[in-house]
Amino acid sequence: MQSSENKATLSFSNGAPSVELPIYKGTVGPDVIDIRKLYAQTDMFTYDPGFMSTAACQSSITYIDGDKGELLYRGYPIEQLARNCDYLETCYLLLYGELPNETQKADFTRMVSSHTMVHEQMQFFLRGFRRDAHPMAIMTGLVGAMSAFYRDSADIHNPKHREISAIRLIAKMPTLVAMAYKYTVGEPFAYPQNHLSYAGNFLRMMFATPCQEYKVNPVLEHALDRFFILHADHEQNASTSTVRLCGSSGTNPFAAIAAGVACLWGPAHGGANEAALNMLYDIQKEGGVEKIGEFIKKVKDKNSTVRLMGFGHRVYKNYDPRAKLMQETCDEVLTNLGLGNDPLFKLAKTLEKIALEDEYFVSRKLYPNVDFYSGIVQRAIGIPPTLFTAIFALARTVGWIAQLNEMIADPEYKIGRPRQLFEGSPRRDVKPLGQR
Ligand code: CMC
């Protein structure tokens, strides 16, 4: 960390001595005030529920400028990565810090491909679930269960183990998601085919049956690969912070990633893509474009809990750059599939236009996020909405594991242990049962 010449001084109105706090500079973005010694010096904690102003770690992986609507992986703009690289190159970049050259890319691809199969026993574990279980319930279980199957790479303090478990997780997530899907629709599992691309193999495992030959559609393959790139990492969001906090106890990487999967499930986070598509379906059912005005009214009503799903972001106070790329992909996929006049896509575009001109959204700086269009893309590919978040988890696994490995390798890393402002009862004595 680079110290700044500036220092922050914290003074108190009760005359207690003021405290000088060091300031550190990042390469870009806001500086941070180091408050680690604050408690020792003042007997006070800071209070910041929701981490509105708190940097919980130092990181060199992903940078977001929310005001500009900029997203960089290891310094590279997301637009350039999405247009010039594939998902496995992006994984390499997130894990190792640099884009691979040709040989490194070939070696990395070979390594990931050679780990795509899951232990055969895993399917018996999967079969214990109800057929109608939500795929995220299944994924939370399956990813956690990996720690029982791959104990030989579970020591988080061993760099070799960390590397092998990273490769295993990236390689096996598509297989597990596709198995969860096949299980819920009652079709036989399709084993991975390692000559296919990462996205192509996933499409085949999802949609191939033993009854007929499956040919990967290159437009859908490209769309899915872009979806994976756009979701690969997003700095210290809720699920990534969950993975870091969980991993900070020294637990194995599979358990830490399972915690990330569980956190991602929520509708304010990864579950938003499913919720956004369901919202579009609901508006469509009630009359489509004509009903947008009524829907927006509900969203703006202080007494209603309805939100415009796929809009708003804690960090982006401008257009989410991933949403632009997703909208482009949406156009490509729908055109390729002859769905250029898809009513849901038209509805989404109209809804977006109306919201972007509405004072409520303008004044709160609410813009479309990546989930606004990703549901339409996935639905066009044939992916059911209940599987959307599991596919987000598949793509985000590399970010989680890169962030986890970065934390473990950081000499300043400590077990995460937030403090609290206690507002409950002070000490009191237990009365015998008859006197309570
Ligand atoms: N629709 C309507 N109003 C909204 C929305 C929305 N989607 N998002 C925020 N607001 C309003 C909110 O009611 C509040 O208004 P007021 O100041 O009058 O009380 C104001 O904007 C600030 O909202 P907030 O909840 O304090 O903002 P936040 O930073 O805590 O929440 C968010 C961020 C993403 C949880 C929120 O915008 C939201 O719920 N969006 C819909 C869900 C969604 O699309 N989530 C996907 C996020 S991107 C994928 C990912 O990274 O996981």
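Let's start with cysteine 246. Cysteine 246 is partly exposed, at 25% relative accessible area. The scale runs like this: buried is under 20% relative accessible area, exposed is over 50%, and partly exposed is in between, with a 1.4 Å probe and protein chains only.

A word on the model. It is predicted, so local features need pLDDT of at least 70 and side-chain atom pairs count only at pLDDT 80 or more, while totals for chains, interfaces and linings use all residues. Residues are numbered from 1 along each chain as its sequence is written, and side-chain values use heavy atoms, with hydrogens and water left out.

Back to the cysteines. A disulfide is a pair of cysteine sulfur atoms within 2.5 Å. By that rule, the count is zero disulfides. Cysteine 57 is in none; its nearest cysteine sulfur is that of cysteine 263, 15 Å away. Cysteine 57 is partly exposed, at 29% relative accessibility.

Next, the helices. Helices are DSSP runs of H or I, at least four residues long, and they are numbered from the N terminus. Take H3, residues 87-96. How many of its 10 residues are buried? Nine are, so H3 is largely enclosed by the rest of the structure. Among the buried ones are Tyr87, Glu89, Cys91 and Leu95. At the start of H3, a side-chain oxygen of aspartate 86 comes to within 3.2 Å of the backbone nitrogen of leucine 88. After H3 comes glycine 97, with a positive phi near 95°.

Now H9, residues 218-230. H9 has 13 residues and spans 18 Å from first C-alpha to last. That is close to the 18 Å expected at 1.5 Å a residue; the expected span is 1.5 Å times one less than the number of residues. Its buried residues include Leu220, Asp225, Arg226 and Phe228. At the start of H9, a side-chain oxygen of asparagine 217 reaches to within 2.8 Å of the backbone nitrogen of valine 219.

Valine 219 also brings us to asparagine 336. The two are 117 residues apart in sequence, and 7.1 Å apart in space, C-alpha to C-alpha. Asparagine 336 sits in helix H14, residues 321-336. Asparagine 336 is partly exposed, at 36% relative accessibility.

Here is another pair. Aspartate 282 lies in helix H12, residues 272-285. Aspartate 282 and serine 18 are 264 residues apart in sequence and 57 Å apart in space, C-alpha to C-alpha. Aspartate 282 is partly exposed, at 39%.

Last, the ligand. Which residues are closest to the ligand? They are His269, Lys302, Arg307, Leu308 and Gly310, out of 19 that surround it. To be near, a residue needs a heavy atom within 4 Å. By class, the shell has eight nonpolar, six polar and five charged residues. Nonpolar means Ala, Val, Leu, Ile, Met, Phe, Trp, Tyr, Cys and Pro; charged means Asp, Glu, Lys and Arg; the others, Gly among them, are polar.

Histidine 269 has a polar side-chain atom 2.5 Å from one. For arginine 314, a side-chain N or O atom is 2.9 Å from a ligand oxygen. Arginine 364 has a polar side-chain atom 2.9 Å from a ligand oxygen. Overall, the protein covers 75% of the 940 Å² of accessible area that the ligand has on its own, by the Shrake-Rupley method with a 1.4 Å probe.

Key
Helix = DSSP H or I, 4+ residues; strand = E, 2+ residues; numbered from the N terminus. Polar contact = N/O pair within 3.5 Å; in protein donor to acceptor, adjacent residues only side chain to side chain.
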